[in-house]
Amino acid sequence: MIELLTDTATQEPQRIRGLEMPWNRVMGSTEAPARAARALGPWHPQEFMAECVETVPEAGGMMTFVFRRCDGAPLAFRPGQYVNVAFPVNGGDQDPVDRSYSLSSSPTQPWTFNITVKCDPTGLVSPWVHENVTPGTVLEMLGPVGAFHLPDADRRARYLLLAAGAGITPIMSMVRTIHSLPGQADVVVLYHGAAAGGFAFHQELAYIASVDSRVKVFYSLGDRSIPEGWEGLTGRVTAAMLDEVAPDANGRQVYACGPEGYLNTATELLKNVGVDDTSIYMEFFSGDRQTLLEYQAEVSLAADIAVEIAEEIADSAEDYYEGQPTAFGLYEPGFDAEGPLEATGLPLVTVDPEAPRPDSSPDVGPEAGNPDASSFDTVGTGSLTLSFMRTGINVRIDPTEHILGVAQRAGVRIGANCKEGMCGSCKTVKLSGEVEMNHQGGIRKREIDAGKFLPCCSTARTDMVIDA
């Protein structure tokens, strides 16, 4: 009997080829029974209310919050996507503060879903979440959102999953999903952390790797001091490390999530080991608060304004990776061989820190006593005019151009992170005029109804007056 059990345990399971998400065939089916299952297909972002039903402490100062939709519907999403959550951190009578968090659970168990939040003691939202979100808490959400996810079907299903710190959350969703599905797959996870006891989900990852021969997990402590008895890898990610854990990396699809510096390094190393750009998928999230403040102070022309704006942006991005795949940018002049280019018709000048700022008045709009836009300098070319009331400038724009880029090149300071309509960090008030906006979940209907829009994914349809 013992011999029989031993032989059975060493046999590899027989599997179908590749991986296929459970909703993939439903999406293309016209049969009546399949229509009933369409609720499980990750179609488009929805606004919904969700109730917390459980909290689970994780290593590394993280906490998992388990939710279910209040309407009883499943949450259909792709592994790697995120939800935008409205947190009433300032009380029920104030506007909530939005944050985006990766879904760390598997969509193959859609009746509940998890978000995992790392607590930043200096942050605005994450400490409040850890202290106040408990079973029974109901929050407004929007999702699923995000283009960082596994494919719906993959005949080869060979992946290298890279994570650093809190970047493990979307990667965990992918690992859990693959483990729950039948089919052949070959998955290597490389997880960088700061401390031996700080790897979130390490017990579950160890269990999955022990029972699922398709999944291999490697840990590295970066360049920190190594405790006695540590058996994992050491040092920051290098080409040699990638070659050690996945010598066939150039034949895999690579999904990576972590701080910007980590991902920039990983991108170059992956190219060095032969991975094609088309096989690399990155999910950026913002660095720590102090890094953001220092960066904004360096790139801004006026130091006092830089701190004010940087604090606002750092607050809006302090929790995790609200930024998707582009670096933070407040002011982005063009460059040529001789240095920065001037905005069309607008010289780049240093602002006097003692001079009154255009936004010193809390009121907006001509009726509140702000200057008449006809007195502003006008820059740029185009058939439409954007009047920025706080900056005190008119910018000419072509109807095909996105508002954010044109505004920033003209010196209008608008916070921006993902620039794809996902994170909501560039949210701005439109005082008059019409836009065409193609967002990806970064703004709610109630905010649109209140006159807000996302300049990064909006084009002007008429002349506009903007509170920026």
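This is a predicted model: local features need pLDDT of at least 70, side-chain atom pairs count only at pLDDT 80 or more; totals for chains, interfaces and linings use all residues.
Residues are numbered from 1 along each chain as its sequence is written, and side-chain values use heavy atoms, with hydrogens and water left out.

**View 1. The whole protein.** The secondary structure consists of twelve helices and 23 strands (DSSP runs numbered from the N terminus: helices are H or I, at least four residues; strands are E, at least two). Of the 468 residues, 49% are buried (under 20% relative accessible area; exposed is over 50%, partly exposed in between; 1.4 Å probe, protein chains only). Among contacts (heavy atoms within 4.5 Å) with a separation of 6 or more, 68% join residues 24 or more positions apart.

**View 2. The largest nonpolar core.** This core contains 33 residues (a nonpolar core is a set of buried Ala, Val, Leu, Ile, Met, Phe, Trp, Tyr and Cys residues joined through side-chain atoms within 4.5 Å). Tyr159, Leu161 and Ile171 have the most contacts inside it. Elements that each supply at least two of its residues include strand E9 (158-164), helix H5 (168-180) and strand E10 (186-192). H5 gives the largest share, six residues. Leaving out residues up to four places away in sequence, Leu161 touches residues including Ile171, Met174, Val187 and Tyr255. Another core, of 27 residues, lies apart from this one; Ile393, Ala407, Ala410 and Val412 are among its members.

**View 3. Val129 in helix H4.** Val129 sits in H4, which covers residues 126-132. Val129 counts as buried because its relative accessible area is 1%. Beyond its neighbours within four places in sequence, Val129 contacts Phe65, Phe87 and Val117. Cys119 is ten residues from Val129 in sequence, and their C-alpha atoms are 8.3 Å apart.

View 4. H8 (residues 260-272) has 13 residues and spans 19 Å from first C-alpha to last, close to the expected 18 Å (1.5 Å times one less than the number of residues). Its buried residues are Tyr262, Leu263, Ala266, Thr267, Leu269 and Leu270. An α-helix has 3.6 residues a turn, so residues three or four places apart point the same way. Just after H8, Gly274 has a positive phi of about 95°.
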